[in-house]
Amino acid sequence: MSFFVLGRSAFRAAAPLQRSFIRCYATESTETKKSGSNALLYGAGAAVLAGAGYYFLSGSSTTAAVERAAQKAEETLKQAAASAASSEPKKAFTGGEQGWLSLKLEDVELVNHNTKRLRLRLPEDDMVSGLHVASAVLTKYHPIGADKPVIRPYTPISDETEKGYIDLLVKKYPNGPMSTYLHDMVPGQRLDVKGPIPKYPWEPNKHKHIALVAGGTGITPMYQLCRAIFNNPDDQTKVTLVFGNISEEDILLKNELAKLENTYPRRFRAFYVLDNPPAHWTGGKGYITKELLKTVLPEPKEENIKVFVCGPPGMMELISGNKKSPKDQGELKGILKELGYSPEQVYKF
Ligand SMILES: Cc1cc2nc3c(=O)[nH]c(=O)nc-3n(C[C@H](O)[C@H](O)[C@H](O)COP(=O)(O)OP(=O)(O)OC[C@H]3O[C@@H](n4cnc5c(N)ncnc54)[C@H](O)[C@@H]3O)c2cc1C
């Protein structure tokens with residue numbers, strides 16, 4: 001209970017951020033674009049019906065006139081469909097037989113002592129990634145002399161509507177082959193990337209309240225979900241994040257999460273836990289505990305909730321049990337099981 005008090009005190013019902021932040025999310029929504037395209041098609045469909053109705057009501061008996069009208073209406077529909085299709089941005093990652101795309105590393109930013117943000121150029125400047133939420137990409141490189149390539153998944157942190165690039169947030173693990181390779185890359189080099197690797201298909205309001213339990217770089221798929229939810233004004237899902245890290249400097253996407261807390265104080269709550277907290281720390285201390293999760297997560301008996309978990313293997317084991325394979329969620333174990341959540345209420349990234 002003591003943590004709850006501390007965590008709650010960390011909430012700020014601060015004034016909403018400038019409109020520009022909200023606008024950037026809302027106006028770039030692909031939903032808006034889709035509905036625009038649909039409106040075009042519905043309009044053309046209405047024109048067809050109106051045309052047919054006119055001939056029916058006017059009692060025209062000339063088959064030729066009816067055929068001409070039908071032909072014209074069909075052309076209008078085809079034009080509308082072509083126009084709707086061309087208004088969709090081109091997608092870089094199309095999956096299926098596409099294989100690996102060789103993407104140029106454009107820029108590297110040092111985020112903290114062990115994490116870099118890598119910006120990769122998509123093949124064309126006006127392309128979007130084509131990733132749907134939630135999904136990841138695979139990266140590949142072939143170490144000299146090795147039999148097999150190294151392949152690892154990453155979740156881009158750039159918005160799905162951004163054109164021309166994707167950003168990866170990569171933490172370097174000691175002796176980790178892929179993260180070391182990525183950290184050693186310099187702008188101008190190329191990286192093989194493949195996607196999308198589908199994870200949990202999100203739809204607006206799919207759940208009433210979701211809980212995100214993340215450790216370290218496990219925040220990246222959670223942030224992808226948050227973007228999808230808060231970018232879309234029609235999505236009213238509530239989100240509770242519990243984010244565990246070793247030290248304060250390890251907290252990734254801190255500013256982005258703070259913006260969400262400030263902009264949506266009633267719908268987004270975040271609780272931070274540190275293994276090695278500094279003296280001034282008012283959040284949780286040590287590991288993510290059963291007591292904390294019991295206090296802050298939506299209860300298992302609540303209607304239509306979902307708990308997402310992503311983090312290092314040790315944390316996964318403690319919270320939910322690890323996945324068996326990318327396609328097998330494995331048994332639900334650990335704290336979430338003890339608290340009464342069902343396997344259907346939990347998703348392991
Ligand atoms: C769906 C998915 C999305 C991912 N997204 C990201 C991302 O956006 N950014 C990112 O940096 N990583 C992400 N990862 C982890 C990433 O795929 C690699 O596992 C990680 O970069 C280590 O790879 P490596 O080859 O350097 O080291 P490995 O040889 O794979 O591992 C080296 C050591 O680090 C440990 N380790 C591996 N992964 C983790 C982890 N996530 N947390 C703690 N310890 C770990 C291993 O147990 C091992 O001891 C994601 C993983 C999954 C499954």
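Is Leu 253 buried or exposed? In this predicted model, in which local features need pLDDT of at least 70, side-chain atom pairs count only at pLDDT 80 or more, and totals for chains, interfaces and linings use all residues, Leu 253 is buried, with a relative accessible area of 7%. Residues are numbered from 1 along each chain as its sequence is written, and side-chain values use heavy atoms, with hydrogens and water left out. Buried denotes under 20% relative accessible area, exposed over 50%, and partly exposed the range in between, with a 1.4 Å probe and protein chains only.

Leu 253 is located in the loop between strand 10 (238–245) and helix 7 (254–263); helices (H or I, at least four residues) and strands (E, at least two) are DSSP runs numbered from the N terminus. The phi of Leu 253 is positive, near 60°. Asn 304, likewise not a glycine, has a positive phi of about 50°. Asn 304 belongs to the loop between helix 8 (290–296) and strand 13 (305–310) and is partly exposed, at a relative accessible area of 33%. Most residues other than glycine have a negative phi, and most peptide bonds are trans. A cis peptide bond links Val 133 to Ala 134, with omega about -5°, and Ala 134 lies in the loop between strand 4 (127–128) and strand 5 (135–141). Another cis peptide bond joins Gly 195 and Pro 196, with omega about -10°; Pro 196 is part of strand 8 (residues 190–198).

The loop between strand 10 and helix 7 also contains Ser 247, which is buried at a relative accessible area of 15%. The side chains of Ser 247 and Asp 250 form a polar contact of 2.8 Å. A polar contact is a pair of N or O atoms within 3.5 Å; within protein, one must be able to donate a hydrogen and the other to accept it, and residues adjacent in sequence count only if both atoms are side-chain atoms. With neighbours within four places in sequence set aside, Ser 247 is in contact (heavy atoms within 4.5 Å) with Leu 274 and Asn 276.

The ligand has 16 residues around it, of which Pro 153, Tyr 154, Leu 169, Tyr 173 and Ser 179 come nearest; a residue is near a molecule if one of its heavy atoms lies within 4 Å of it. Pro 153 is situated in strand 6 (residues 150–154) and is exposed, with a relative accessible area of 52%. Beyond neighbours within four places in sequence, Pro 153 is in contact with Val 137 and Leu 138. Ser 179, in helix 5 (residues 177–184), is by contrast buried, with a relative accessible area of 5%. Residues up to four places away in sequence not being counted, Ser 179 touches Tyr 154, Val 170, Lys 171, Lys 172 and Tyr 173.

A distance of 2.8 Å separates a ligand oxygen atom from a side-chain N or O atom of Arg 152, and a ligand oxygen atom lies 2.8 Å from a side-chain N or O atom of Thr 220. For Gly 176, a backbone N or O atom is 3.3 Å from an oxygen atom of the ligand. Of the 900 Å² of accessible area that the ligand has on its own, the protein covers 73%, as computed by the Shrake-Rupley method with a 1.4 Å probe.
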